[in-house]
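This report covers a strand and its pairing, a helix crossing and a chain interface. The terms are given with their cut-offs where they come up.

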Amino acid sequence: MKRNKLIVLALILTLSAVMLCSCSEAGSSGADADKPKVTLWATGSDNIRALFEKAIEVYNSKPESKSIVELQFIMQGSGDQGLSDRLAAAKLAGRKDTDFDLIAENGSSLAGYIDKAGDDLFVPLDFSKIPNYENVLIKSGFYTECVVPYRGTTVVMAYDSERVPDPPKTFEELDEWIKANPGRFAYNSPGTGGAGGAFVNWALYRNLPLEAYTSTDEKWVTEWESGWNWLKEIHPYLYQSGGKTVYPNKNQGALDLLINKEVDLIPAWADQVLTNLANGILPETVKIYQLEPALSGTDVVFAVPNLGGNPEDTYDFINFMISPEGQKICLETIFAIPVIDVSLIDSDAKDMVADLDVSKFTVISNGRLGSIRNEYWDNNIATLP
Amino acid sequence: MEKRTWKTNLFIAAMIAPSLILTMGIIIYPIINTIVTSFRSSDGSGFSLEYYKFIFTDKIAVNNITYTMGIVIVTVMGSIVISYLLALYLRFTDSKISKFIGTMYLLPRFIPQLVAVYAMITVIRDTGLLNRISRLFGKDFRPGLMYNAKGITLMNLWFNIPFATMIIVASLSAIPDSVIESARDVGAKKLNVFFKMILPLSFKDVMIAMTFVFMSNVSAFTTPYVIGGNNPIMLGVYLRKQFSEYANYELAAALSVVMFLFSSVSAVIYIYTNLKEKEWEKV
């Protein structure tokens, strides 16, 4: 008896499993069956993951979409192998069967990719097949023929207007403010997040000629001296815990200090501050502004790696992301700075990014010099008493 | 004993094969690969000891090693002493409180590590729970536990005490009441019973608990990464920096080998205590 019951139970389970499988297949296939699959690779903090999940969900559910997009996301600072290393490995191994169909990356980081994988890593794009491209106001400064910018992002200063009514704007004012308000300024260690990195870059490149900003030549490393000296000079005046200056890890680490009112002023990504403000984690009194010269920002672009994928398949999704609808998703999900005329976008959030103009960004793109900078910082700034 | 047929042998081989292949592929091969990489010389010409020399002479690297060892030793000692006392209480007290603690003490083992670390941070940070409570009383108490060794050690104790207690409780439960009662009957004092009977009988398991706590903390990453400061840093964080920030793969490999050796020291102690027991059983 008992055995019979078991057999019946097993039969029912198998049957229902089979039916469930066939149902779900029927649900997702149909018209989608012949659409090509495009795997999008992206990297960054968690908000970028949220952005693409949202955008892809909207895109895939449209019957007129010409492809099915899938997201592969690499969390920054998770100790995982970076996207540039993976692409370089596949490229140098001569692979042509990868699923690196499309990547989304900071325009300023592309030099690092080319550095590792060679000049022909990205495929030149046929812009005539991306009709919305003509609405894009900025053209990327790097590999213009291979990339489509879809949003801008920049590091700004975030401060609590209740405690700092008049925040410092220039280098001299900032220097004076930090020394006059010991323990109230913090930046995250540059190896763990771009906000701290941009602040360190700001200190290092402030007095250098413009050509240095986009050079990967190691001769500029020797020119960083005065910048390092200033960072050493302000070290004792920064945020302290347990009687010692500490630098928080990750972009969120610095934001946490501002949220908990342990500091009053930090460099932070504009989109992260605005997101935290919108969901009420940062107090309403927190505001953002830009230093003079500006902390570095960049356009964020799509590019198609030369690794076997078919660029034609990706154009429709790229076109969607730079359409007013796609730009609205970027703006409302992560407060990304639009690349098209803001008046085309119908959203209440656009006022929040009104002051941040992509075309006025300071862009620093120094490829592998970033690693040299981080190593020097870890060995010479982090070790200060 | 029955003689094994070729069929049984084939069956045994088939049972072992998957795990053997997996072990070779994802453990043995990477280990060999790492060891070879760690001896490469920086000019690419051949093999040298330069990365090992660097690890044991560079000021920052040596500082990181002593920092890690300091935290690990304090963690091992602290968690063993506290766990032993807790285990003694749980084993020899029969009250409602001890029963309650007995069911609750394993709870931390079920909380994901990252959740626990962030929970701890909200309590111990300078504007955390402790600070807020102190402000109710008009004081401004700043624990100063974040971004340094104290915070990491506190978190490690939180993780390791339940684990060590679990092992030691199991060991103490294996000592029959009759053994202790008979010793008391012939007039042994409480302290005598402890040092002459309970401690020797549970010694082996204490050593095992120590080796496990040691090994899991030498290579710790999450806690020191989130709670720790910028310098010195624990070896796990240092290793990650070398690997994914500076792309210094040879040095990262050499560091892994060194961490592996540190862990093996405790593995040797573990095996030694296990073997010794077997000899003692023979008599």
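A residue counts as buried if 20 or more other C-beta atoms, placed from the backbone, lie within 10 Å of its own, as exposed if 12 or fewer do, and as partly exposed in between. Helices (H or I, at least four residues) and strands (E, at least two) are DSSP runs numbered from the N terminus. The model is predicted: local features need pLDDT of at least 70 and side-chain atom pairs pLDDT 80 or more, while totals for chains, interfaces and linings use all residues. Residues are numbered from 1 along each chain as its sequence is written, and chains are lettered from A and ligands numbered from 1 in the order written.

In strand β3 of chain A (residues 102-106), four of the five residues are buried. Strands pair if DSSP finds at least two bridges between them. Three bridges link β3(A) in parallel to β1(A), residues 37-44, with W41(A) opposite I103(A). With β9(A), residues 297-303, β3(A) runs antiparallel over four bridges; E105(A) has V301(A) as its bridge partner there.

**Helices α2 and α12**

Axes are lines fitted to C-alpha atoms, for helices over the stretch in contact, with angles from 0 to 180 degrees between N-to-C directions. Those of α2(A), residues 46-61, and α12(A), residues 324-334, come within 10 Å and cross at roughly 145°.

**Chains A and B**

Contact requires C-beta atoms, placed from the backbone, within 7 Å. On this basis 21 residues of chain A touch 19 of chain B. Helix α13(A), residues 369-380, gives the most to the chain A side, with five residues.

Definitions and conventions: Two residues are in contact if their C-beta atoms, placed from the backbone, lie within 7 Å.
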